[in-house]
Amino acid sequence: MKLHTYPDYNTMSKAVADLVVTLVNQKPNALICFPSGDSPTGLLSYLVQYANHGLVNFSQTNFVGLDEWVGLDRTNDGSCTYFLEKHFFTPLNISANKKKFFNAVADDLDAECQAMNKHIDKLGGLDMMVVGVGLNGHIGLNEPGADFHSYAHHSALAPITIEVAQKYFTKDTVLTEGITLGLRHLAEASVPVLIASGSKKAPIIAQALQGCVTSDIPASIFKTLQYAQVFLDESAAAELSLTV
């Protein structure tokens with residue numbers, strides 16, 4: 001695991017974007033997973049700028065969404081898919097056949113998970129999987145207690161996840177379950193990437209990267225990943241010791 005710390009969110013976001021550009025320029029048909037939420041907004045903004053300036057071409061690149069709130073249609077402006085479409089796929093006019101998301105309103109969620117697993121396998125596995133981290137250490141919607149060996153699955157959301165998620169909606173929204181890529185996907189990705197910013201993330205970052213590897217803190221899996229890259233701003237890294 002390589003740890004990178006930057007003075008602020010903007011420079012951290014640019015560094016992650018530069019890593020994505022390097023990958024795509026080396027392997028144009030790479031398979032990449034992006035998360036939604038506050039953490040990747042700067043990253044996606046830089047990637048759109050880079051593409052518009054001709055520094056990278058995503059026309060051959062394949063993408064999968066990380067997760068989704070079960071029961072929400074992708075047109076809901078609080079959905080994870082809507083976020084990615086708004087901030088990345090629509091501005092760059094990414095072809096529909098180059099992106100795959102979970103259908104969180106499907107009658108058979110297990111079949112949705114299997115379809116996503118097969119899609120990733122068919123494309124040769126994830127070249128890069130970018131994730132943020134929740135205040136409880138969740139990765140994607142792999143909540144505390146998630147199996148490190150799991151592929152795509154759906155499961156109940158932790159209360160803190162439901163509470164924090166309300167900021168993405170214009171009105172109170174009932175959330176009970178999430179569907180997500182698994183921690184096994186993260187472990188098998190060629191380049192697993194964790195991004196975190198802000199002082200609110202400092203305690204869980206310190207627990208995840210300095211404590212024991214445990215399913216109680218899914219983000220602690222990064223300590224076991226040889227090729228992982230962790231990108232933090234100084235606020236998120238504030239409680240790490242100098243030896244990490």
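This report walks through the predicted model shown above, from its overall build to a few individual residues.

## How to read the model

Because the model is predicted, local features need pLDDT of at least 70 and side-chain atom pairs count only at pLDDT 80 or more, while totals for chains, interfaces and linings use all residues. Residues are numbered from 1 along each chain as its sequence is written, and side-chain values use heavy atoms, with hydrogens and water left out.

## Overall build

The chain contains seven helices and ten strands. Both kinds of element are DSSP runs numbered from the N terminus: helices are H or I with at least four residues, and strands are E with at least two. Along its principal axes, the C-alpha trace spans about 45 × 40 × 35 Å.

Of the 244 residues, 52% are buried. Here, buried means under 20% relative accessible area, exposed means over 50%, and partly exposed lies in between (1.4 Å probe, protein chains only). The accessible surface comes to about 11,000 Å², and 50% of it belongs to carbon and sulfur atoms. These areas come from the Shrake-Rupley method with a 1.4 Å probe, and for residues only the protein chains shown count as cover. Among contacts (heavy atoms within 4.5 Å) with a separation of 6 or more, 79% are between residues 24 or more positions apart.

## Salt bridges

How many salt bridges does a search of the whole structure find? There are five, each defined as a side-chain nitrogen of Lys or Arg within 4 Å of a carboxyl oxygen of Asp or Glu. One of them joins Lys 14 and Asp 18 at 3.2 Å, N to O. Both residues lie in helix H1 (residues 9-26), four residues apart, or about one turn of the helix. Lys 14 is partly exposed at 36% relative accessible area, and Asp 18 is partly exposed at 30%.

Another bridge, between Asp 127 and Lys 27, has an N to O distance of 2.8 Å. Asp 127 sits in the loop between H4 and S6 and Lys 27 in the loop between H1 and strand S2 (31-34), so this pair ties together parts that are 100 residues apart in sequence. Asp 127 is buried at 9% relative accessibility, whereas Lys 27 is partly exposed at 33%. In helix H6 (residues 183-188), Arg 184 and Glu 188 are four residues apart, and their side chains meet in a salt bridge of 2.8 Å, N to O.

## Two buried residues

Asn 117 belongs to helix H4 (residues 109-122) and counts as buried because its relative accessibility is 17%. Its side chain makes a polar contact of 3.3 Å with that of His 185. A polar contact is a pair of N or O atoms within 3.5 Å; within protein, one must be able to donate a hydrogen and the other to accept it, and residues adjacent in sequence count only if both atoms are side-chain atoms. Leaving aside neighbours within four places in sequence, Asn 117 is in contact with Tyr 151, Ala 152 and His 185.

Phe 169 is in the loop between helix H5 (159-165) and strand S8 (177-180), and is buried at 11% relative accessible area. Not counting residues up to four places away in sequence, Phe 169 touches several residues, including Trp 69, Leu 72 and Leu 175. Its C-alpha atom is separated by 7.1 Å from that of Asp 77, 92 residues apart along the chain.

## Out on the surface

Leu 135, Ile 160 and Val 164 form a nonpolar surface patch with about 190 Å² of accessible area together. Patches are made of residues with over 30% relative accessible area and no salt bridge, joining like charges within 9 Å and nonpolar side chains (Val, Leu, Ile, Met, Phe, Trp, Tyr) within 5 Å. Leu 135 lies in the loop between strand S6 (128-131) and strand S7 (153-156).

Asn 93, in the loop between helix H3 (80-89) and strand S5 (99-100), is exposed at 66% relative accessibility. Although not a glycine, Asn 93 has a positive phi of about 50 degrees. Most residues other than glycine have a negative phi.
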